[in-house]
Amino acid sequence: MMNTAATEMTTAENSHRGTFWNTSTFSLVALILLIIAATPQLICMPVTNDVSYYDLQARTVMRGGMLYRDMVEPNFPGVPA
């Protein structure tokens, strides 16, 4: 049998906090803080090897070449990233 007195006491104690800091509000604030903290790092990231490799792939295709014949393509066929 469930003790209803303990349940009523718990809800009465938590009713004064309000509903502003519920889980969804806390999650939204955490997401906004993460975006604010990560944006400068994302903008200042250096160019990686992938960017130059994809540039070479595009140049090969634009000059009439094929990726799997004229240049090594490690992705699945038809899915150059």
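Ten residues, W21, F26, L28, V29, L31, I32, L33, L34, I35 and I36, form a nonpolar surface patch of about 1100 Å². One of the contributors, L31, is located in helix 2, which covers residues 23–43. L31 counts as partly exposed because its relative accessibility is 45%, a value between the limits of 20% for buried and 50% for exposed.

**Overall architecture**

The protein contains four helices and zero strands. Read from the N terminus, its elements follow the order α-α-α-α. The chain has 81 residues, of which 9% count as buried.

**Helix 3 and the residues after it**

Helix 3 consists of 14 residues. From its first C-alpha to its last, helix 3 reaches 20 Å, which is close to the 20 Å expected at 1.5 Å a residue. Just after helix 3, G64 adopts a positive phi of about 95°.

T60 belongs to helix 3, which spans residues 49–62. With a relative accessibility of 18%, T60 counts as buried, because the cut-off for that class is under 20%. When residues up to four places away in sequence are left aside, the contacts of T60 are G65, M66, D70 and M71.

**The aromatic pair**

One aromatic pair is present in the structure. Its members are Y53 and Y54, whose ring centres lie 6.2 Å apart; the ring planes meet at 55°, so the pair is classed as tilted. Y53 counts as partly exposed, because its relative accessibility is 24%. Y54 is likewise partly exposed, at 31% relative accessibility.

**Accessibility of selected residues**

The table below collects the residues discussed above by relative accessibility.

| Residue | Relative accessibility | Class |
|---|---|---|
| L31 | 45% | partly exposed |
| Y53 | 24% | partly exposed |
| Y54 | 31% | partly exposed |
| T60 | 18% | buried |

In summary, the predicted model is a protein of four helices without strands. A nonpolar surface patch of about 1100 Å² includes L31, whereas T60 in helix 3 is buried at 18% relative accessibility.

Terms used
Residues numbered from 1 in each chain as written. Predicted model: local features only at pLDDT ≥ 70, side-chain atom pairs only at ≥ 80, totals over all residues. Heavy atoms only, no water. Patch = residues over 30% accessible without salt bridge, like charges linked within 9 Å, V, L, I, M, F, W, Y side chains within 5 Å. Areas by Shrake-Rupley, 256 points an atom, 1.4 Å probe, with all protein chains shown as cover. Salt bridge = Lys/Arg side-chain N within 4 Å of Asp/Glu carboxyl O. Helix = DSSP H or I, 4+ residues; strand = E, 2+ residues; numbered from the N terminus. Buried < 20%, exposed > 50% of the residue type's maximum accessible area, 1.4 Å probe, protein only. Contact = heavy atoms within 4.5 Å. Expected span 1.5 Å × (residues − 1). Phe/Tyr/Trp six-rings, centres within 6.5 Å; stacked < 30°, edge-to-face > 60°.
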